[in-house]
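Here are my notes on the model, in numbered points. Please read them with the coordinates open.

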Amino acid sequence: MTETATSLQFPEAPRLTGSERRPRDDELDSFGITHTGLVRPENQDHFMIAQLRGRLHVRMSSLPTIEHLPIEEERVGSFMLVADGVGGGQKGETASRIVLERVAHYIAQAARCYYRENDTDGDFVETLERAAKEVHQSVVEEGSTHPETAGMATTLTLVMAVWPWTYLLQVGDSRYYTYANGKLRQISRDQTLAQEMVDEGIMSQTSSARSPLSNVLSSSIGGAQTAPVVTRLRNCWENVHLLCTDGLSKHVSDDRIRERLSTMTSARQVCEDLLQDALDGGGTDNITVIVGRAVEKP
């Protein structure tokens, strides 16, 4: 069993100005949806949209009143996760469910680094890499202990927003896109045998989409090899964030995703429209889509 980790850092964007404030809670628009599809008998995908919140708890003070203190719970981070289980029967569903539950616990326990918005790559990136490896090991142990779950594995794509940064943790081929100013970017890289062959110049990108090897993971949580990749990049108000399993990306082109995001009226509306596009395209796999954005209000 092999474990490797890679950290990536996109080029720095210009420093934020005072007007580029952190979005308020009421300015966040996010939604997720999952569907079994039209062919498979069960849904092995799971997703989560969550917030990490902190609270100032005043135990004692000489102040005459504490009503002017920030005692309400403050959002210190938002995260979105999607996992696409691998394995027959309930193995895939069990793997994706375990991973989301345990990653959420891990993030909550390691919350100390989320309070440092200007944190450098070090502590935060290492925390995400460690989370992926520990969750991977727990899935492997679970599978070896219970015969009914032997061989289970899952993808994991997690996007964590700690303003003004976004952190991506990826294992497998569930994708993360950003859309801004008319441009769609696939930030994640598919960890499949087909993509490995494209990277080595053996296969073209066009051919890889039709290759059976595009369905064979080269890295997964719980599988023979896991190679978590953590990417850190600047966030901005213009960004729309989209996470999806390959049940969407195998039936809906990037051009169609770009078109949908360019005309979206809400996260829920665009998720439902993209789901319908995937079903209209054949719906041969489980389909999960998450979309999140900030919408400025007065």
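**Notes on a helix pair and its salt bridges**

1. In this predicted model, Arg256, Ile257, Arg260 and Leu261 of α6 meet Val270, Asp273, Leu274 and Asp277 of α7. Contact here means heavy atoms within 4.5 Å. Helices (H or I, at least four residues) and strands (E, at least two) are DSSP runs, numbered from the N terminus. The residues of this contact divide into four nonpolar, no polar and four charged. Nonpolar covers Ala, Val, Leu, Ile, Met, Phe, Trp, Tyr, Cys and Pro; charged covers Asp, Glu, Lys and Arg; the others, Gly among them, are polar.

2. Basis of the values. Residues are numbered from 1 along each chain as its sequence is written, and side-chain values use heavy atoms, with hydrogens and water left out. Local features need pLDDT of at least 70 and side-chain atom pairs count only at pLDDT 80 or more, while totals for chains, interfaces and linings use all residues.

3. How do α6 and α7 cross? Their axes come within 10 Å and cross at roughly 155 degrees. Axes are lines fitted to C-alpha atoms, for helices over the stretch in contact, and angles run from 0 to 180 degrees between N-to-C directions. The two helices are therefore roughly antiparallel, a label for angles over 145 degrees.

4. Asp277 pairs with two arginines of α6. Arginine 256 and aspartate 277 meet in a salt bridge (3.3 Å, N to O). The term needs a side-chain nitrogen of Lys or Arg within 4 Å of a carboxyl oxygen of Asp or Glu. Arginine 256 lies in α6 (residues 254–262) and aspartate 277 in α7 (residues 267–280), so this pair ties together parts 21 residues apart in sequence. Aspartate 277 also forms a salt bridge with arginine 260, with the closest N and O atoms 2.9 Å apart. That pair ties together parts 17 residues apart in sequence.

5. Buried or exposed? Aspartate 277 is buried, and so is arginine 260. Aspartate 277 has a relative accessible area of 12%. Arginine 256 is partly exposed, at 28%. Buried means under 20% relative accessible area, exposed over 50%, partly exposed in between (1.4 Å probe, protein chains only).

6. Another pair to check: aspartate 199 forms a salt bridge with arginine 189, the closest N and O atoms being 2.5 Å apart. Aspartate 199 lies in helix α3 (residues 193–199) and arginine 189 in the loop between β10 (183–186) and α3, so the pair ties together parts ten residues apart in sequence. Aspartate 199 is partly exposed, at 44%. Arginine 189 is partly exposed too, at 34%.

7. The whole structure holds 19 salt bridges.

Conventions
Angles under 35 degrees count as roughly parallel, over 145 as roughly antiparallel, 65 to 115 as roughly perpendicular and the rest as oblique.
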